Amino acid sequence: VKVALRSLRAHRLRSALTMLGIIIGVAAVVVMVAVGSGARDRIAAQIRSLGANLISISPGSALMKSVRLGSGAAPRLSEDDALAIELEIPGVVVVAPQLYARAQFTVGASNWAGSIRGVTPGYFTAREWGVTAGREMTPEDNSRAAKVVLLGTTMLDKLFGETDPTGTTVRIRDVPFTVIGLLDHKGQSVWGDDQDDVALVPLTTARQQFVGISRASPRMVHNVTVKFTEGASAEDTMAAIRDLLRQRHRLQPGQEESFLVSNLAEAADVEETATRALSLLLAAVASVSLVVGGIGIMNIMLVTVTERTREIGLRLAVGARQRDVLAQLLVEAVTLALLGGGLGAIAGIAAAAAIAALVQWHVIIDLGALLLAISVAGTVGVFFGYYPARKAARLDPIVALRYE
């Protein structure tokens, strides 16, 4: 090792340029893994924010005068469907029907156009959404169509700033509502929506004040969220829900369903899979730099063997064995690779921290990935350094001593 380090110090610039490919390769791998791990962690947090074991039921397409309308055009879901699912489908914990609307919120001189979601108390259980202040919605609030509202953190910030508005009044479409609670922070959903830019009101209140009552379907809802037990199969529960709704909606065999049943975790899993695949692709591309660095090591070691032919011949002449020469030059190659790997790991950590600071991206430095990258760098040194070292070890001492 001393001989290897002395040789590398004697040619500092050449050693530095040789290590550059390894440094870039290891740094790139560390950055890619850190960014990919951060993305997966963020997606996992978004999945948790949705709530566990959820099935979403929304209106499907409709056919009107031979024209096929898009998804959501058949508003045939109702509170009665939700009640039937809760009573008849095994493994269901809670069912939460919902209505959606948008309105202008006004508090004094502040105003904000935000989303309104009409929900029942079961919605808080389904989404695992608690309150930081005040109270949750009660069945009495829903039964008497109370003008009460719970605000998400974004809505709170836009209307009240840092003031606790619990018990105060906010006007929604000029109708006064009492703020009874503040919702926990949820963050972005897997689809990029701000889950905190929302106000929750009782379902019956939303129907009377913001959505309107349809004569054809007075108990119509826009969505039904179903939370099932941990041990229940999502596929079996979804199939049972489809069969029940087809029966309730009087759909004939082969007739297109007027509703969509989806597992919310599946959409998040697809995005996570895509992110993982992209991270692996970027890491593979970054790994090419390690191969380029290894080729650089081989090139420099071949030059070193040529330059030190007389020295190697002298060592062999005074009793050095072939494996001694082989080990000496392999140690030099591995030392170059490991030094480059260590510097690359430091550069990768610095680059990942810079990315996190500049673009506000969540990154995770994985110690395992660091050690793996450095180990791969050492392996690259052995792999690409073996041929020059073997060539040097097989030199004929007499020929090597006469080399000029």
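Student: How much of the protein chain is buried?
Tutor: Buried residues make up 45% of the 404 residues in the protein chain. Buried means under 20% relative accessible area, exposed over 50%, and partly exposed in between, with a 1.4 Å probe and protein chains only.

Student: What kind of model is this?
Tutor: This is a predicted model, where local features need pLDDT of at least 70, side-chain atom pairs count only at pLDDT 80 or more, and totals for chains, interfaces and linings use all residues. Residues are numbered from 1 along each chain as its sequence is written, and side-chain values use heavy atoms, with hydrogens and water left out.

Student: How many helices and strands are there?
Tutor: The protein chain has 13 helices and twelve strands. These are DSSP runs numbered from the N terminus: helices are H or I with at least four residues, strands E with at least two.

Student: Which helices pack at about 140°?
Tutor: Helix α10 (residues 309-317) and helix α11 (residues 322-359) do, with their axes 10 Å apart. Axes are lines fitted to C-alpha atoms, for helices over the stretch in contact, and angles run from 0 to 180 degrees between N-to-C directions. α10 and α11 are therefore oblique to each other. Under 35 degrees counts as roughly parallel, over 145 as roughly antiparallel, 65 to 115 as roughly perpendicular, and the rest as oblique.

Student: Which residues make that contact?
Tutor: On α10, Glu 311, Ile 312, Arg 315 and Leu 316; on α11, Val 325, Gln 328 and Leu 329. Contact means heavy atoms within 4.5 Å.

Student: Where is Glu 332?
Tutor: Glu 332 sits in helix α11.

Student: Is Glu 332 buried or exposed?
Tutor: Glu 332 counts as buried, because its relative accessibility is 1%. Leaving aside neighbours within four places in sequence, Glu 332 contacts Val 3, Ala 4, Ser 7, Leu 8, Met 301, Thr 304 and Arg 308.

Student: New topic. How many aromatic pairs are there?
Tutor: The count is four aromatic pairs. Rings of Phe, Tyr and Trp (its six-membered ring) pair if their centres lie within 6.5 Å; planes under 30 degrees apart count as stacked, over 60 as edge-to-face and the rest as tilted. Tyr 123 and Phe 124 form an edge-to-face pair, 6.3 Å centre to centre, with 85° between the planes.

Student: Why is the pair of Phe 177 and Phe 210 stacked?
Tutor: Their ring centres are 5.7 Å apart and their planes are at 25°, so the pair is stacked. Phe 177 lies in strand β9 (residues 175-183) and Phe 210 in helix α7 (residues 203-211), 33 residues apart. Phe 177 and Phe 210 are buried.
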